[in-house]
Amino acid sequence: MTYTLFKGTSFKLEDSVDASTALADITELPMVKKMWPVTWSQTIPVAPDANTAGEALSAPPLLRRQSTNGTYPPHVMTQVDKLRAKGITGKGIHVGIVDSGIDYKHPALGGCFGPGCLVTTGYDFVDGDADPMDPCDGHGTHVAGIIAAQPNSWGFTGAAPGVTLGAYRANNCAGRVPDDRLVAAFNRAFDDAATSSTFPASSRAMGNMNEANTGLFTAGSPAVGRGVAGIANFINTETPAFLTAATYSVDGQTDAKSFGWRAGNPPFPSLDLPVYAINNSSEVTNDACRPLPSDTPDLSNVLVLIRESPRSAADSCTDRDQVSNLADRGAKYVMWYSTTVNTKRIDASFPVRLQGVGMVPSTVGEEWLGLLNSGHRVTAHIVNTTSATQFLYSPKNPQGGLVAPNSAWGLNWELEVKPQFGATGQNILSTYLLSKGGYTVLSGTSMASPMVSAAYALLMQARGKLDPATLQSLLSATAKPTLWFDGTKTYNILAPVAQQGAGLIQVDDAASATTILSVSNLAFNDTDHLVRNATFSIKNTGAHEVTYQLNHVKAATVYSSTESFVTNPAGFRLGAFPPATADSSATLGFSASTVRVPAGGSITVVVTPTPPAGLDVGRLPVYGGYIAINGSNGEAFSLPYAGVATSMRSVPVLFQPDETETFLGTWDQDGIYPAPANTTFTIPRPTGPPSDPDETPSREIGFPLAVVTRKIGSALTRLDLIPLEVATPVNTTVVLGVEIVGSLQKHPIEYYPDGSPDNPFTGVLADGRVVPEGRYQFIMRALKVFGNREKAEDYDVVRLPPFVLKYSS
């Protein structure tokens, strides 16, 4: 690979080559700086199970909201609509999308590929050809529409429809990608753009903050990279969804009313059935969570209506529990109604006696329940999904503008501020594979990131070709922080900086600002390395002097763990969302709270932080807030900051040996479970390393397994093999004071997050050597945050029980 920014190569050794000798020889070549093993990652979701709709389908006018008139909610929320009204479309900017490819035949994405098309450049790194078609996933096609979709029958356009696109297919149909393919795709995208027009960003380069109801420090690569804009995911003010169309009638009247439902598994056949509600309250949290009363009528000839059981409720239950209890009373068809305006796909495919399930929005379920409670008869008329039409349902969302609960959190493990800022990514209507309908609604940071990419393009057209750091600073300084939302309740304090960064981008404010801050945030680090005097500069590019007033605005302080590593080191681990908050905030001192900056001039401000007091330091508290900067010219900016109120070096990295998180394990077809000390593992004698470095060995063999769970991330983790009793002489080396045979496959690993990867040992070391039979021991060493890689005392260490390795042939 020879690119403008990178020169290197990836290679695979032939099975007949002595891997250890070959790797040693290559490492010693003068032109080789460093080598890394190629590993695979899941960087985008597998093709989602989503309702889709085609170009030709229509919808009731009141259920559709047009974007071409400037009212498309994601654009209004981010001020894209204001720039579009000024004629700013991203024209002249080229955006590269490193993803699953693009279905460029889609009419809303230009219908063609190459010069003169919307998608002008690209390459397929999966199949190794010049055709970047998205053949199977749809993720990249959805991303492309968010950026640049042209006018279509569903009434929306991309945020920057004037750009051209580059499509670089790196992810396979399972959403997976090897490191070398990503490196090649990013560099090819950059070089293609450099030969044509400016390259603002790519969907994947903007950062992956995916996606789970997790707590702090869960942002993934590449979002945590230095200089990369990690993106938070904000909730859309409306909730579009393609729902299957159906009707219902009241008291047998002929004027049936329409409603929409989301098909589950199994989907409904065509049916006309009376609706029967298990509970007469729309506030119940445990509907059908317990066996139904003995006087419950036979439910086989009705459409059973039940409320979704909210997971946050103390008496809640699972969908499976509800299904089983209903089936015990003869139910065949069940319709859930959601607790919100959203719907989800119910899976009742496990062995029960149901013949159809689905979900309607809360509004529909509450309407039916009200009618039933008033003594009316409600009959649902449902057509099977293969012949039913669909419509776009788009109600207002009361949580619109808040951070989505599934948006992953910063900071990164170098305590830099992540995410930088965010955009609307929840419930986004965009293009999809033509073979799967052409349009769908998806959610996640995968949708927020391309919105930010489009914002970069608009900003670059509006302001000219500024450097990336200045663009990032403008978007950060003008972003709008929002209140803390824990998934259930909104609080009267700003959401943690580690969750929202600078807040929701406001691209028109960024385009018109005459003030430029030198940085996009301030990182105060931990208590051992506290930045006692941080600096930033305010530059006035306007024609007149401006006086700026500086103030401190606090944001929520949050705990990373429910347990303290000081009092309960074994119980300490990163907590799930929502994290607990603490009633304590940092204070800031300024070198001057009021500054005057002449036209064309700049001034440096010194910020002196005092971390919050009275916190449980063992729970890894993360604090943050904002410096509000208000100018006499009417401009208003904010500068986010964050820090950790404990010593990171004292935080344990690894779970010590137990039977759940860290243990010597056996890995076979029955699962993973602990193995006693000195267990003998008899496995086939390997002939060399697997052809795929990420290849998973067969579970039928029962390989020895090192299960070592990380409590937090580590910049360097190594899993080595210690020889205890080996009959055949074997070469060893001393690493960090311990004599080892070598490292396991894919080790050492740099910059690994928390978690527990499987480490099956096939008898082959990372350098390709096959170890002889004997008695061995696994040792895991993980570098502490801010530790010195050369010092053994800076590592957290786990030694697993010894085991015996034998070969069957």
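**Ground rules.** I am working with a predicted model, in which local features need pLDDT of at least 70 and side-chain atom pairs count only at pLDDT 80 or more, while totals for chains, interfaces and linings use all residues. Residues are numbered from 1 along each chain as its sequence is written, and side-chain values use heavy atoms, with hydrogens and water left out.

I took helices (H or I, at least four residues) and strands (E, at least two) as DSSP runs numbered from the N terminus. I call a residue buried under 20% relative accessible area, exposed over 50% and partly exposed in between, with a 1.4 Å probe and protein chains only. Two strands pair if DSSP finds at least two bridges between them; β3 pairs with β5 (residues 164–169) in the parallel sense over six bridges, and D99 stands opposite R169 of β5.

**Helix α9.** I then turned to α9 (residues 468–478), which is mostly covered, nine of its eleven residues being buried. The buried residues include T470, L471 and Q472. Counting contact as heavy atoms within 4.5 Å, I noted that the cover over the buried residues of α9 includes β16 (421–426), α8 (445–463) and β31 (636–644). At the start of α9, a side-chain oxygen of D467 reaches to within 3.1 Å of the backbone nitrogen of A469.

**Residue D616.** I found D616 in the loop between β29 (602–610) and β30 (621–631), and D616 is partly exposed, with a relative accessible area of 31%. Leaving aside neighbours within four places in sequence, D616 is in contact with Y559, S564 and P621. I also looked up E563, which is 53 residues from D616 in sequence and 9.5 Å from D616 in space, C-alpha to C-alpha.

I came upon a cis peptide bond joining G410 and L411, with omega about 0°, and L411 sits in the loop between β15 (390–393) and β16. Another cis peptide bond joins H747 and P748, with omega about -5°; P748 lies in the loop between β39 (742–743) and β40 (749–752). I also noted that Q79, although not a glycine, has a positive phi of about 70°; Q79 is in the loop between α2 (73–77) and α3 (80–85) and counts as buried at 7% relative accessibility. N427, likewise not a glycine, has a positive phi of about 60°, lies in the loop between β16 and β17 (428–431), and is buried with a relative accessible area of 9%.

Technical notes. Polar contact = N/O pair within 3.5 Å; in protein donor to acceptor, adjacent residues only side chain to side chain.
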